[in-house]
Every structure is written in C-alpha cells, then in structure tokens.
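Colleague: I have the model open and would like to know what stands behind some of the words used for it. Shall we go through them together?

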Amino acid sequence: MTSPGTGRTIGTGRASGPGRGAPPGLHALMDRYLDGDARAFAALHAALVPRLTAFLVHLVRDTAAADDLVQATWLKAHLARARFQVQGTSPDGAVQAWYFTIARNLAVDWLRAQVRERRRREPGAGDADDRDPLAEIPSDLPTAEELEIGEAEAQEITSRIRDALAQLPAGQREIVELHKFQGLSMAEIAARLRIREGAVRVRAHRAYKALAQWLTPPCESCSCCSREVGHDDALSCRRRGSRSRREPRSRHRSCRREPCPRRRGFGSRREPRSRHRSCREPSPRHRGSRSRREPRLHHRSCREPSPRQRESRSNAAGRDRPHPHALGSRAILRTHPDERAGARDPASGGRA
Amino acid sequence: MTIDAKALIADDLGERRRERLQHFRPAWLLAVAIPVVGLLATGARDDFWAQPTWILVLQALVWGLALFALPALGLGLWFPGRAARVVLGLVAAAVAVAVAAGPALFDRSYPTGLEDHPIYQFGCASLTLGAGALVLAVCALSGAFAQRRRSAGALWLAAAIALIGIDTTTWHCVITGLDHTLPSHLGAGVLMLLAAGLVGAVLHRRQRQAG
C-alpha cells in the first residue's frame, strides 16, 4: 500500500474484496473529496460503506468489530488521503482497492491483537482446536509489496515463493508458515509444536537460509552444478540448499562432519556411522524381534534358535528325515549326491 | 467504540474550508482593490451610464464571475457538477467576448466614441495586462494556484484574472469601435489568459511538489 521509496500510498486498478467491480465515478468523487468537497465525501462514503462492511465481516466474523473497523478505516484513510495516488488502468478500482487495503490491514492488526489477548488470558490452553482467524484471511489479497509491483510480476513472485516453500521439509515449512504468515513468535511456535525454542530457531534458520538461496536471482554460472544458468527460474539452482557447501564435499561419508539434511531421520547421528553392522546399534526400524541389547552373533550355531526354528526342530525330531533347516542348507550341499539321494528316501532311514 | 467517522470527517472538511476562506480573504480584497485603484487612477469612461442596459448587465456579470464564481472554483470553495462547470466556462467565454468587443459587435451603427489611434490601443492593452499582472502576482504570492490537486484549478483562476483585466479596461475606455476593442481589449484579455494560465500551471506543479 505504501511505497517505501516515496511514502506515497498507491492504489492499483485491481479491486479487492467482495464485489470486485468498483462502482463507477469513484475516482471523480475521490478527486473532489481530496480538494475538500464534503458532498463528494458523503457520496463516496455511501458508495463504499456497504462493501467495506461486508468485507470486514467476512474477515473478522464479528459484526460489532467490523463496524468499528469500518469507522477506523475511514478515519485512517482521511488522515492519509494526501498520499493517495492512482497507479493502474482503472482509477475507480484504485480508489476501492485503496480503501480495502486499509481495511484489511486494520483487520489483520485486530485479529493479531485478539490472538495475543487470548493467549495472555489462557496461556496454558492449547489452541489446536481453536480456529485461527489469521490463517483464514485469503492469501490472494494484495499486500503492500504486491500493490507496488505489477500484477503479473506479483503472480510470478508468488508462484516462486510457493514452489520454494514446497521444497522445504515439512517441519521447516510449518515453522515458516507459523512465523511469517501467522505472525507467531518463536516462543509461541515452540509452545504450539511442543518442542524446544532452540529447535524452532534452528529449523527456522535452516529454512530461511534455503529459501534465500532458492529465491536468489539467477546467476550467470552456477558453480555448484557447474553449468550455465541462462534462464529466469532461480529454482533451477535447486542444487543449492542441502548440498551447497563452502568447502568441497568429502567423498567418504564416514569422513563427513555432518550428514546431509536430507538424510536426517534414522541416520542422523552426531558421530559418524560405523560401517560394520555388527558394531552398530540396530536402527529403530529393525527393532522388534531382533532388538537386542547385545550384538547378534555371526555363527548360527552359537545363537539361540528363533522360535520358528525351535518349533521346526521339535517337529523334525519326531520324523525320520531330518528337517533341512535343522541342518542348514550348507549341510545339504556338502553331502555326496548319492548320499543326498539316499537321504531323500525316507525308507533308507538315518541322516545323510 | 462508537465514533461516527462520517460526521468527524465532514466536520474536518468544513473546518478546512473555513480556514481556506480566512486565508484568502486578504488576497481577495487586494484583488478587488487593484481594478478599483486602477480605475481611480485612469478614470472611468464618461459614457458609462449611457451604455445599453444589457451591456451593463453583462459587465456586472463579468465582475461577478471574475471576483466570486471563478475564484471559488479555483480555490476549492465551490464544487459544481461537470455540466455546471462546462456551462460556466462557456458563459464566461461568451460574456468576456461580448463585454470586450462591446455593443458594436451586435450593432455596427453603434457610435465609436473617440477615433482610434495606436497609442490608445497600446494604452488599453497595457491596462488590461497590467491589472491582470497585479492580480496574478497576488494569486501567486498567496498560493492560490496550489489549492486543488489538478491544474484545472489554476486555469479557473487564470480566467478570472483575464476577466478582471478586460472589465477594468472596458470601464475605462470610451472607444467602442471593433477596430479598437477587438485587438486591444479582447486580444489583450486572451493574452492575459494564456500568460496567467501558464504561470499558474507552473506554480501549481511547483507548489504541489514542494507540499
């Protein structure tokens, strides 16, 4: 809404809020109102109040609060009217968009104040089931930065940001959304996610670092992927992020200091992972029947038989023919073919 | 919160209008005094009351437009609709031509008064431009050209300045022949309109940017 360079308040030709078409003649009324015509202001007020009221009721879901916000919108617009400037193809739409932007900003401030007040009154209450009104504000409403930029460019930037956010791991993306879109502090995010605040900060740092690298304007040549990048899509330099390192990547995983973030999870360890399985603790996936405190012995004859083996052995003890599993497959292979033939014949008896 | 923003804003706009009136009242009085002093210095025409009634009415109408209607438009004190503004502009142009040319424009047999001479033409043109220039200076110094967002406000004031110059000369000069009135009265008035419009537009842009 406000141009950061000149301080002028800019309205674009794109109308926002319910009833997108702006009433005709708004710009002429606005011109006369800005020159001091009280009758023009009255006509402008009559034309926009129903739309503003409906828009704010839709945002804040509270009729009384919406009425107050409508009054605040008009007062704020009156104080800032000298900075109004039309930029766009539709002057009438620009006037409506200007008022709707002021109204939206006031609604967001009011909702944030409500959320803070609710948390202050009920600090321990989980609000997982509570409706978060901030999250329901339509994301397609123009922000101050979008108004400043052309609509097409704004759409491109929006799609790039959404693509970049989709690339983030779920945990990092959630923190970015809570921090940037919903305006929660790190402490509030930690309380909501029931994790330590330090963990929240670490994830947020990694997420913003990755986003900064992905959304950096395209470079002439990308050293990380060793190819010319002559296009507009900065996401082609997606090889940045987890693999982007200042020092060359070591070839031996065991020599690396930190595992790649993508490989986090079960393999994420502070110390290097041992190469020998027998030396490692079993991973959580392999817990269960094989979960043992002591390492598993290599030689089967040294191990205790599994329950299935015990059952099969007990069954085999009642038969003439030894169960193949009792001997092990290697025992079968070691026998002479003739002896194997004899072993297969139950009438021959005995073990081969 | 039970405030009525509409009433508060309307009150604020009314207050600003009163402040603007108060600010420009001295400038307006000075703009009125300039043609009065000019006529006192040069003398009014001897056949003033011998003119036809309709031309006296038109001259009075020009004074009304020049001192009330057009300045109110230019200063943002009066906001007629678009149709009213168009009619007002056309009427102002028509009466300015009629008053500057005089009765001889409609009646070729109307007595010309004194015989025309180039020195008289120069004198009438100087009076028109001089009176207009003084009023232009008052408007420039008082910031009258920057009261409205659009430069059309400055053009309304320029028209008022031109009409003041035309009517001042008409109340002074007894020569009514078209050979004299068209170049020295009407021509000088058009020149004054162009000059005041140009100066007003420049000052409007400068003062708006500075503000």
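Colleague: What makes α1 (residues 5-42) of chain B close to its expected span?

Modeller: The expected value takes 1.5 Å times one less than the number of residues. With 38 residues, helix α1 of chain B is expected to span 56 Å, and from first C-alpha to last it reaches 55 Å. The two values are close.

Colleague: Where does α1(B) bend, and by how much?

Modeller: At B:Arg25, by about 40 degrees. That angle lies between axes fitted to the seven residues ending there and the seven starting there. A proline, B:Pro26, follows within four residues.

Colleague: Which residues of α1(B) are called buried, and why?

Modeller: They are B:Ile9, B:Leu13, B:Phe24, B:Ala31, B:Ile34, B:Pro35 and B:Gly38. The word applies because 20 or more other C-beta atoms must lie within 10 Å of a residue's own, and these residues count as buried. Their cover includes α2 and α3 of chain A, along with α2, α4 and α5 of chain B. Across the 211 residues of chain B, 37% are buried.

Colleague: Why is a set of residues called a nonpolar core?

Modeller: Because its members are buried residues of nonpolar types, joined through C-beta atoms within 7 Å. The largest one has 48 residues, and B:Leu70, B:Val135, B:Leu157, B:Ala159, B:Ile161 and B:Leu163 touch the most other members. Each of α1, α2, α3, α4, α5 and α6 of chain B supplies at least two residues, and α5(B) gives the most, with 12. Another core lies apart from it, with 35 residues, including A:Phe41 and A:Ile102.

Colleague: How many residues of chain B are in contact with chain A?

Modeller: There are 17, facing 17 residues of chain A. On the chain B side, eight are nonpolar, two polar and seven charged.

Colleague: And what is the confidence in chain A?

Modeller: Its mean pLDDT is 70, with 50% of residues at 70 or more. The highest mean, 94, belongs to helix α3 of chain A, and the lowest, 43, to strand β4 of chain A. Over residues 220-247 of chain A the pLDDT is below 50, although this stretch has 40 contacts beyond near neighbours in sequence. Where pLDDT is low, the predicted coordinates should not be read in detail.

Methods:
Residues are numbered from 1 along each chain as its sequence is written. Chains are lettered from A and ligands numbered from 1 in the order in which they are written. This is a predicted model: local features need pLDDT of at least 70, side-chain atom pairs count only at pLDDT 80 or more; totals for chains, interfaces and linings use all residues. Two residues are in contact if their C-beta atoms, placed from the backbone, lie within 7 Å. Ala, Val, Leu, Ile, Met, Phe, Trp, Tyr, Cys and Pro count as nonpolar, Asp, Glu, Lys and Arg as charged, and the others, Gly among them, as polar. pLDDT is the predictor's confidence in each residue, from 0 to 100. A residue is buried if 20 or more other C-beta atoms lie within 10 Å of its own, exposed if 12 or fewer, and partly exposed in between; C-beta atoms are placed from the backbone.
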